[in-house]
Amino acid sequence: MKKEAYQILTEKEIYRGNLILVNEKFGIRADESIRLAEAAPNVFLQHEAAHFLKEALKKIKAEDSIALVSGFRSRREQSEIYKMSLSENGEAFTRQYVALPDHSEHQTGLAIDLALKSDDIDFIRPDFPFEGICQRFREIAAEYGFIQRYPKEKENITGIAFEPWHFRYVGKPHAEIMERYGLTLEEYTDLVKDYDSFNRLKLNGDSAEEVFYIEFGLQSGEMKIPVSEKESCTVSGDNRGGFIVTVTKFERT
């Protein structure tokens with residue numbers, strides 16, 4: 001008789017992963033250094049996000065026309081940017097476009113600000129138009145795991161003004177689901193809570209990938225997720241109290 005395999009999850013992993021929700025309500029709580037990779041000279045992202053961003057830009061031959069403006073920021077850098085914007089732009093502007101320290105996605109290494117390459121790029125609000133090579137990037141972003149994080153007319157949900165230049169890596173199939181249904185990360189993490197291991201969220205009828213949610217039981221200190229021989233799973237914390245599980249089914253041979 002085969003021994004059943006498990007993936008062990010602990011409380012600290014609630015605050016790690018590609019799908020953690022970081023906004024005004026939910027601050028960063030990770031307690032370890034992020035594994036970074038250089039996405040462009042002096043611009044770093046988490047290793048996986050950097051890889052797929054490079055692949056996306058390569059796909060549309062945009063390496064020389066799209067500039068990577070700002071990726072990972074330390075808490076100190078985010079604090080300095082916030083204070084600088086307060087001084088130069090005032091409180092109303094800053095609260096719209098700059099997150100407070102420990103509430104910025106840039107501190108996760110999963111966010112990137114992009115711009116149409118030019119001699120004069122605005123660091124806070126770079127130009128990333130809905131045409132040409134920039135629009136081409138938007139059209140393929142979800143295929144590489146990226147979403148436009150702060151869309152128009154969702155400001156009351158995200159707490160941040162419309163930012164056409166700010167993209168967030170969430171991975172597949174999550175970016176594709178969010179793109180298909182026009183969901184913000186806030187809305188998506190709420191949606192996933194309606195699905196469990198018996199009733200999984202699917203991209204489409206024949207998708208090999210399925211998604212569901214597990215709420216963490218604090219009383220136990222850790223949780224076990226059974227791992228089937230016919231499936232593999234990856235887990236991300238949501239930074240809210242549980243885990244989003246992505247299951248990939250193996251093809252039968």
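In this predicted model, K202 and E210 form a salt bridge through their side chains, with an N to O distance of 3.6 Å.

- Side chains of opposite charge can pair when their charged atoms come close.
- The count of salt bridges in the model comes to 13.
- D113 is paired with R73 in a salt bridge whose closest N and O atoms are 3.6 Å apart.
- This pair links distant parts of the chain, 40 residues apart: D113 belongs to strand β5 (residues 111-116), and R73 to the loop between β4 (66-70) and α2 (75-89).
- Both D113 and R73 are buried.
- A salt bridge also joins R168 to E105, with 2.7 Å between the closest N and O atoms.
- Here again distant parts of the chain are linked, 63 residues apart, since R168 lies in strand β7 (residues 163-169) and E105 in the loop between α3 (91-97) and β5.
- R168 has a relative accessibility of 0% and so counts as buried.
- E105 is likewise buried, its relative accessible area being 2%.

**A salt-bridge network**

- Which residues are linked with E105 and R168 in a network of salt bridges? The network also includes R149 and E186.

- Helix α6 spans residues 174-181, and its buried residues include H174, A175, I177 and M178.
- These residues lie on the same side of α6, because they cover an arc of only 165° around the axis.
- An α-helix has 3.6 residues a turn, so residues three or four places apart point the same way.
- What covers the buried residues of α6? Among the covering elements are the helix α7 (185-192) and the strands β6 (146-150), β8 (201-202), β9 (209-215) and β12 (242-249).
- After α6 comes G182, which has a positive phi near 65°.

Note on methods
Residues numbered from 1 in each chain as written. Predicted model: local features only at pLDDT ≥ 70, side-chain atom pairs only at ≥ 80, totals over all residues. Heavy atoms only, no water. Salt bridge = Lys/Arg side-chain N within 4 Å of Asp/Glu carboxyl O. Helix = DSSP H or I, 4+ residues; strand = E, 2+ residues; numbered from the N terminus. Buried < 20%, exposed > 50% of the residue type's maximum accessible area, 1.4 Å probe, protein only. Arc of directions from axis to C-beta. Contact = heavy atoms within 4.5 Å.
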